[in-house]
Amino acid sequence: NRRFVLAERPKGEPNDQTLRLETVDIPEPKDGQMLLRTVFLSLDPYMRGRMSDAPSYAAPVEIGQTMVGGTVSRVVTSKLEGFKAGDWVVGFTGWQDYALSDGRGVTPLGAHPSYPSWALGVTGMPGFTAWSGLKEIGKPKAGETLVVAGATGPVGSTVGQIGKILGLKVVGIAGGPEKCAHATDTLGFDACVDYKADGFADALKQALPDGIDIYFENVGGQVFDAVAPLLNTAARIPLCGLIAQYNATSLPDGPDRLGWLMGLFLKKRVTVRGFIVFDDFGHLYPEFAKEMGGWVEAGKIKYREEMIDGLEQAPSAFVGLLRGEAFGKRVIRVGPD
Ligand code: NDP
């Protein structure tokens with residue numbers, strides 16, 4: 001049983017010293033437990049926060065502890081009622097080949113799910129984040145304008161597509177022409193602006209003649225600087241993530257603009273609400289599962305995945321995710337189906 005444990009808390013970007021690969025015996029399930037074999041491991045930006053012991057909404061991974069993470073697994077042996085060998089499940093068993101489970105936090109996916117890994121993306125946590133943040137905080141009304149950053153990632157791509165289903169004008173912000181083309185041509189956004197191109201702020205303004213009613217924030221940093229002046233009166237900002245600063249070790253250079261920003265929020269009467277998806281909206285999960293399941297089945301929501309083979313690739317693939325190298329949902333294939 002291979003597993004990655006946290007060896008050292010990173011300062012800035014994680015490096016070769018951050019995680020350590022260990023090999024231990026495969027555990028034996030006792031009564032009331034089952035043994036799970038990981039097939040897919042999800043890589044998600046929040047994992048950077050768990051490597052740090054700075055105060056946050058969730059406890060950090062301890063040094064020497066297996067790195068946490070969402071997984072899709074198959075049951076190897078079960079001494080737990082309701083689960084049998086061969087079943088597919090989605091859970092939170094971390095960066096390892098095998099794990100014991102007593103069934104808590106584990107959701108069955110049945111014997112033959114069509115796309116089991118999607119439970120780590122569009123039909124799982126990131127999809128739920130998009131759906132709940134947009135609906136509950138964005139409070140979308142048909143005809144309004146929605147802007148979403150990180151437009152081709154698992155959260156952003158879903159936010160924009162739900163926006164289209166709900167009758168909004170949707171403008172994405174993404175890094176590079178390839179991602180932008182994907183947002184418009186495949187995901188059906190009305191426009192997408194490349195924040196890495198020269199003249200980004202002007203291009204964004206051009207794309208938004210009616211301003212912004214909802215800004216779904218995944219990124220922070222310089223993208224927000226271009227967005228802020230375009231916010232309409234009574235705009236809503238579901239504050240979901242700030243990936244541009246997860247590896248930062250200090251505040252950026254430049255003048256303190258907090259007063260300017262607070263003034264903007266006041267004058268424009270902007271609602272900004274941070275949320276942690278399961279803490280805030282966990283009670284809505286069944287409603288999400290039903291609605292999103294229907295949309296995906298009907299082909300109304302497109303989903304792009306980047307499958308990377310081998311547990312040993314997880315640390316470098318994770319660093320790449322934080323650098324913006326992922327194009328779609330990054331998943332590690334840990335073991336065979
Ligand atoms: P993504 O795949 O969207 O995250 C990676 C992408 O972020 C990159 O590919 C990159 O796309 C974009 N990005 C933009 N600016 C930067 C930057 N400065 N450095 C690195 N990457 C950048 O991940 P998810 O869809 O899983 O998550 C999106 C956001 O939602 C994250 O901030 C995450 O933390 C947050 N989140 C919050 C939850 C909550 O409960 N609040 C739950 C789940 C996710 P590009 O090339 O287009 O720039």
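User: What makes both faces of strand β5 (residues 88-91) count as covered?
Analyst: Trp88 and Val90 are buried on one side, and Val89 and Gly91 are buried on the other. Buried means under 20% relative accessible area, exposed means over 50%, and partly exposed lies in between (1.4 Å probe, protein chains only). The strand itself is a DSSP run (E, at least two residues; helices are H or I, at least four), numbered from the N terminus. This is a predicted model, where local features need pLDDT of at least 70 and side-chain atom pairs count only at pLDDT 80 or more, while totals for chains, interfaces and linings use all residues. Residues are numbered from 1 along each chain as its sequence is written, and side-chain values use heavy atoms, leaving out hydrogens and water.

User: How do you know that strand β4 (residues 71-78) and β5 pair?
Analyst: Two strands pair if DSSP finds at least two bridges between them. β4 and β5 have 4 bridges, in the antiparallel sense. One of the partners in β5 is Val89, which bridges to Ser73.

User: What makes β5 and strand β7 (residues 107-110) a pair?
Analyst: They share 3 bridges and run antiparallel. In β7, Pro108 is the bridge partner of Val89.

User: Which face of strand β6 (residues 98-101) is covered, and which is uncovered?
Analyst: Ala99 and Ser101 form the covered face of β6. Tyr98 and Leu100 form the uncovered one. β6 also pairs with strand β3 (residues 34-42), antiparallel, over 4 bridges. Ser101 in β6 is the bridge partner of Met34.

User: Why does Thr145 count as buried?
Analyst: Thr145 counts as buried because its relative accessibility is 4%. Thr145 belongs to strand β8 (residues 145-149). Its C-alpha lies 5.7 Å from that of Leu168, which is 23 residues away in sequence.

User: Is Arg269 buried or exposed, and why?
Analyst: Arg269 has a relative accessible area of 57%, so it is exposed. Arg269 sits in the loop between α7 (258-268) and β13 (271-274).

User: What is the phi of Arg269?
Analyst: Phi of Arg269 is near 50 degrees, a positive value in a residue other than glycine. Lys139, not a glycine either, has a positive phi of about 40 degrees. Lys139 lies in the loop between α2 and β8. Most residues other than glycine have a negative phi.

User: How do you know which residues surround the ligand?
Analyst: A residue is near a molecule if one of its heavy atoms lies within 4 Å of it. There are 26 residues around the ligand, and the closest are Lys179, Tyr195, Tyr246, Phe275 and Val277. α10 gives the most to this shell, with 3 residues.

User: What divides the residues of the shell into nonpolar, polar and charged?
Analyst: Ala, Val, Leu, Ile, Met, Phe, Trp, Tyr, Cys and Pro count as nonpolar, Asp, Glu, Lys and Arg as charged, and the others, Gly among them, as polar. The shell has 18 nonpolar, 6 polar and 2 charged residues.

User: Where does the ligand lie, and why?
Analyst: The ligand lies between domain 1 (2-120 + 304-333) and domain 2 (125-279), because both give residues to its shell. The domain bounds come from an automatic or database domain assignment.

User: How far is a backbone N or O atom of Val155 from an oxygen atom of the ligand?
Analyst: That distance is 2.8 Å for Val155. A backbone N or O atom of Pro154 lies 3.3 Å from a ligand oxygen.

How values were computed: Polar contact = N/O pair within 3.5 Å; in protein donor to acceptor, adjacent residues only side chain to side chain.
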